[in-house]
Structures are given as C-alpha cells and as structure tokens.
Amino acid sequence: MLTITENAEKTILRFEKEGELLLTLEEALTGEKQAQISISGKLRSELAGIFMDELLPLAICGYALAFDLSGLTYLSTASLDVFLRLQQKMDERKHGSMRLFGLSEEILHEFEMTGADELLEIGEE
C-alpha cells in the first residue's frame, strides 16, 4: 500500500506491505530547482518502478537532486539502476545534477560492486 502525505514544504511517500513499513521517501524542495530526497527502509525491486516514476519528472526538469541515504538499509539491483537511469536522463539533457550521501558501508559496497560509484557523485553531506 502506498500512502502519500503532501504539504507546501515536502511530500512523504510511505510504502507498506502486509502491515510492514518497507520504505519512506521524503522529498523537500530546498531552493529553485533543488530538492533533497531522504530515503529510509528497504528499497526493494518491487518499488523500483514507483521510485522511478516519482523522481523522473525532477530529473527531466533539471533539478539538482541530493539523496540522503543514511536511513536506507537495503538496496536491490533494480533500485540501484534507477539512480543510474536518473543520472543518464540528466546527462542526456545536459542539465540537473545528482548527489548521493549518507551511504552505509553495505550500501556503498553495492555501488562499488556494480561500478555505479564511478558513474554517480557519492560523497559526504
């Protein structure tokens, strides 16, 4: 089940399955064409499409996206691919940017194992 809460400052998406909270995605516009997206929980393959649908418009419109992954405990390969596709859309349009920060050692390892760390900006806050 997907629950969406919106107000003037942010949008919060909560994904639940069988009563278990899987993922919380919090989007906050932080300036003109700037957004911070905080992700906590498990970003499973079954959520990758919804994740992409939610963030693709920001990438296409050239937003500077900052992803706080400090609360992320699991990342599927399909979900990791969403980050690569978002970056690809930005590169194709030659505007917008994306930065990932707050990665745990386990999540960073997933990016390194696939070589995605070479294609994406990963750093400190």
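Just after helix 2, Lys-94 has a positive phi of about 55°. The model is a predicted one, in which local features need pLDDT of at least 70, side-chain atom pairs count only at pLDDT 80 or more, and totals for chains, interfaces and linings use all residues. Residues are numbered from 1 along each chain as its sequence is written, and side-chain values use heavy atoms, with hydrogens and water left out.

Helix 2 itself has 17 residues and spans 25 Å from its first C-alpha to its last, close to the 24 Å expected at 1.5 Å a residue. That expected span is 1.5 Å times one less than the number of residues. The buried residues of this helix are Ser-79, Leu-80, Val-82, Phe-83, Leu-86, Gln-87 and Met-90. Seen down the axis of helix 2, they fall within an arc of 145°, so they line one face of the helix. Buried means under 20% relative accessible area, exposed means over 50%, and partly exposed is in between (1.4 Å probe, protein chains only). The arc is taken from the directions from the helix axis to the C-beta atoms.

What covers this set of buried residues of helix 2 includes strand 4, helix 1, strand 5, strand 6 and helix 3. One of the buried residues, Gln-87, has a relative accessible area of 12%. Setting aside neighbours within four places in sequence, Gln-87 is in contact with Met-98, Leu-119 and Leu-120. Contact means heavy atoms within 4.5 Å.

Phe-83, also in helix 2, is buried at 0% relative accessibility. With neighbours within four places in sequence again left aside, the contacts of Phe-83 are Ile-39, Leu-43, Phe-51, Phe-67, Leu-69, Leu-75, Met-98, Leu-100, Phe-111 and Leu-120.

In soluble globular proteins, nonpolar side chains tend to be buried together.

How many aromatic pairs does the structure hold? There are three. Rings of Phe, Tyr and Trp (its six-membered ring) pair if their centres lie within 6.5 Å; planes under 30 degrees apart count as stacked, over 60 as edge-to-face and the rest as tilted. Phe-51 and Phe-83 form an edge-to-face pair, 5.4 Å centre to centre with 70° between the planes. This pair links helix 1, where Phe-51 lies, to helix 2, across 32 residues. Phe-51 is buried, at 2% relative accessible area. Phe-67 and Phe-83 are also edge-to-face, at 5.1 Å centre to centre and 85° between the planes. Phe-67 lies in strand 5 and Phe-83 in helix 2, so this pair ties together parts 16 residues apart in sequence. Ring pairs join Phe-51, Phe-67, Phe-83 and Phe-111 into a cluster.

Methods
Helix = DSSP H or I, 4+ residues; strand = E, 2+ residues; numbered from the N terminus.
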